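Student: I'm new to this one and would like to learn how to read it. Please show me the picture, then take me through it.

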Amino acid sequence: MMMRKLIENNIAGKKVLIFFLLSTAVYLVMLTITIPRVMSFSGGMIILDMMPTGYDAAYVNGLFAKLGEPGRHAYLFGQIPFDLAFPALYGIGFCLMLAWFLKKLGKLNGFLIYLCLLPIIAGLFDYCENFGIIGMLIQFPEISTTLIQTTSIFSILKSGLASIYFVVLIVVLITFGLNLLTHKFRKNRD
């Protein structure tokens with residue numbers, strides 16, 4: 001299978017670490033600089049990227065009106081460019097990270113490899129969300145209700161898949177840690 005081969009050829013520790021560090025760096029820039037900058041115009045309203053349960057037309061129109069022209073500009077030209085880099089870095093990096101741990105557990109050859117696709121699919125939904133937000137920012141104040149509803153669904157799917165992925169990752173990390181402890185315990189006993 002091509003996907004399996006592609007993943008297996010790229011799970012070197014250094015590559016996994018580089019993607020993890022790059023995605024974390026971009027995420028930290030968004031959390032500490034670009035998102036607070038946009039929210040400084042929002043009067044306390046949360047921006048769409050940070051709403052895992054979605055939003056409706058009233059919220060989007062209220063937010064964009066509250067942001068004003070400077071806030072919408074900061075969203076479109078400050079936040080969105082970073083959020084266009086993040087999904088690829090996150091998707092690839094976290095796919096490879098899970099694959100690396102699964103390989104260490106000897107579980108990469110089974111059906112569990114498909115779990116590695118979760119962050120990639122979440123990243124694709126993040127791109128769909130971002131393009132929807134770009135469309136809404138451009139269309140404001142005449143935003144299509146269909147665009148709002150569709151983008152909201154992408155936001156929910158992105159957040160849901162990312163949450164499932166992190167639960168899977170935590171289970172894998174706990175299993176990995178328990179395996180290390182068990183191996184060390186057996187080694188010390190012998």
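**Pockets and core**

Student: Which helix gives the most to the lining of the largest pocket?

Tutor: That's α2, with six residues. Helices here are DSSP runs (H or I, at least four residues; strands are E, at least two), numbered from the N terminus. A pocket is an open set of 1 Å grid points over the protein atoms alone where a 1.4 Å probe fits, with protein on both sides within 12 Å along at least five of seven lines, and lining residues have an atom within 4 Å of a point.

Tutor: Keep in mind that this is a predicted model, where local features need pLDDT of at least 70 and side-chain atom pairs pLDDT 80 or more, while totals for chains, interfaces and linings use all residues. Numbering starts from 1 along each chain as its sequence is written, and side-chain values use heavy atoms, without hydrogens or water.

Student: What volume does the largest pocket have, and which residues are closest to its centre?

Tutor: Its volume, the space filled by probe spheres set on grid points joined across faces, edges and corners, is about 480 Å³. Tyr27, Phe86, Asp126, Lys158 and Ala162 are the closest to the centre, out of 23 lining residues. At least two lining residues come from each of α2 (13-39), α3 (57-104), α4 (118-139) and α5 (145-189).

Student: How does that lining divide by class?

Tutor: Into 13 nonpolar, six polar and four charged residues. Ala, Val, Leu, Ile, Met, Phe, Trp, Tyr, Cys and Pro count as nonpolar, Asp, Glu, Lys and Arg as charged, and the others, Gly among them, as polar.

Student: And what lines the second largest pocket?

Tutor: That pocket, of about 160 Å³, has a lining that includes Met3, Leu6, Phe19, Ile92 and Leu117. α1 (2-8), α2 and α3 each give two or more residues to it. By class there are nine nonpolar, one polar and one charged.

Student: Is Ser23 buried or exposed?

Tutor: Ser23, in helix α2, counts as buried because its relative accessibility is 1%. With a 1.4 Å probe and protein chains only, buried means under 20% relative accessible area, exposed over 50%, and partly exposed in between. Beyond neighbours within four places in sequence, Ser23 touches Phe86, Leu89, Tyr90 and Phe94, contact meaning heavy atoms within 4.5 Å.

Student: How many residues are in the largest nonpolar core?

Tutor: In general, nonpolar side chains of soluble globular proteins tend to be buried together. A nonpolar core is a set of buried Ala, Val, Leu, Ile, Met, Phe, Trp, Tyr and Cys residues joined through side-chain atoms within 4.5 Å. Here the largest has 51 residues, with Leu48, Phe64, Tyr75 and Met136 making the most contacts inside it. α3 gives the most to this core, 19 residues. Outside four places in sequence, the contacts of Tyr75 include Leu48, Phe64 and Ile133.
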